Amino acid sequence: MGLDPGLRRLALGTLLAAYPGPVPPDWAVDLLADGLAGHTLFGTNVHDPAQVAASTAALRTGRPDALIAIDEEGGDVTRLAHATGSPYPGNAALGAIGDVALTRRVYQSIGAELAALGITVNLAPTVDVNTADDNPVIGTRSFGADPVRVAAHSAAAVAGLQAAGVAACAKHFPGHGATVTDSHHELPTVDAPLSLLRQRDLPPFAAVVAAGARAVMTAHIRVPALTGADPATFSRAVLVDLLRTEYGFTGAVITDALEMKGAAVAAGGVGPAAVRALSAGADLLCIGAKVDAELVERVAAEIVDALAGGRLARARVEEAAGRAADLAAWTRAASGSPATGDPELGYAAARRAVRVEGLLIGLDQPLVVQLHTESTIAEGRVPWGLGPHLDGVPEIRVIATETDPATLRGLAGDRPIVLVGRHLHRLPGGPELIADLAAQHPVTVVEMGWPAQWRPAGARAFVTTYGASHANGRAAAEVLGLAG
């Protein structure tokens, strides 16, 4: 026996699906006609602007008010520019600059580019306060470690995106910045008293609610003081008591991807995770990136089964679908903004973010060494570093734990070495390799990850870019005098 058509349509109205490849398959369009709330675009869906615009137009043949979302944070997380790196610096760089008006302009420019392609929801900004130097998933996606600064820039980012007609989705509530594990792979825990959370993690979320953010994304993290043993995505105390009742949020609560282990493992699968998230107060459920028609139908069936069995109240699902519809209505009303994107604004901003400690001397024709760093799932495999910006300067790429410092010194000869990395303080073998090199050779270090307190022993200079976007790489190459 098939699903009740009305209940299936109701369930689909709470789901953000995804599809593979640059052309929407028929099932992705047909599901929209059947009531699916929308789709999230990932790097695999993006080849070039004309193709993306054609894809969003094709999706809207299924449902004119379909929500089309994307993670376009700028900096290290980009989908539109996944092949080259973003022309905009990320949040850490903007926070380091400290110009709130600039942050608003950068995000309005990003929003204008999205709006021109038919994308209506940006799963950004990241408003987590990054207080853990070893945070493996937030880092440069954060405006910084100071809650007041992060709150001000978060509100500006929301205002900029929404001025361009794109709904902002602030993430990851109630705060992912103090974690030292990645919720893509496991369920992180933030074991802090509520008083500390209110002082450290929550102010940016209060600020984005006050700024009128149309959506807030949940975090698959456990906060025992609020959630007990469950992730925040499944916690009514977090999503209803705190976010809605205390902070007065009236927009759509969107989950982080339910395929992530921080949610799926905790619930026993994507379908059960969807039911638990809806029950807790979520409105739009991101299924994930690896989605096909069968998975969407399975999740919808799980929701319908929970409705039929009394595990989920119909009024709750109707409320969730209604908020998703309200978000879609806002995006349609906000469309048609005359603003246009300005990537050059991003390059200019990245230059302002660069910080130099020590002396940049004797850098004529150096050997540039880039230390390999694994990308997070949130970042994906996006090019980074100085390579695309170098003017006839040799560059090699190595793995720190597999590289003999004497070999690098031999390759460099009389030339200085410029060593480029991300999160060098926690890169296996990175600090040791740098110290060994610098003890016998002139070394300048370029840090394109989170700027921790660590500094390279013996290096002539330490350059910090606060991010690894294409714009950050260009800015570093220019400061070093190596750019074409």
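Reply: Strand β5 (residues 167–173) and strand β6 (residues 215–218) pair in the parallel sense over three bridges. Strands here are DSSP runs of E with at least two residues, and helices are runs of H or I with at least four, both numbered from the N terminus; two strands pair if DSSP finds at least two bridges between them.

The model is predicted: local features need pLDDT of at least 70, side-chain atom pairs count only at pLDDT 80 or more, and totals for chains, interfaces and linings use all residues. Residues are numbered from 1 along each chain as its sequence is written, and side-chain values use heavy atoms, with hydrogens and water left out.

The two strands belong to an open sheet of eight strands with parallel pairing, in the order β7-β6-β5-β4-β3-β2-β1-β8. At its edges stand β7 (252–254) and β8 (285–286); each has a single partner strand, so one side of each is left without a neighbour in the sheet.

UniProt, in an unreviewed entry, places the feature "domain: Glycoside hydrolase family 3 N-terminal" at residues 33–324. UniProt positions follow the numbering used here, feature names are shortened, and annotations may be inferred rather than shown by experiment. The span of residues 33–324 is 44% helix and 9% strand, and its end C-alpha atoms lie 15 Å apart.
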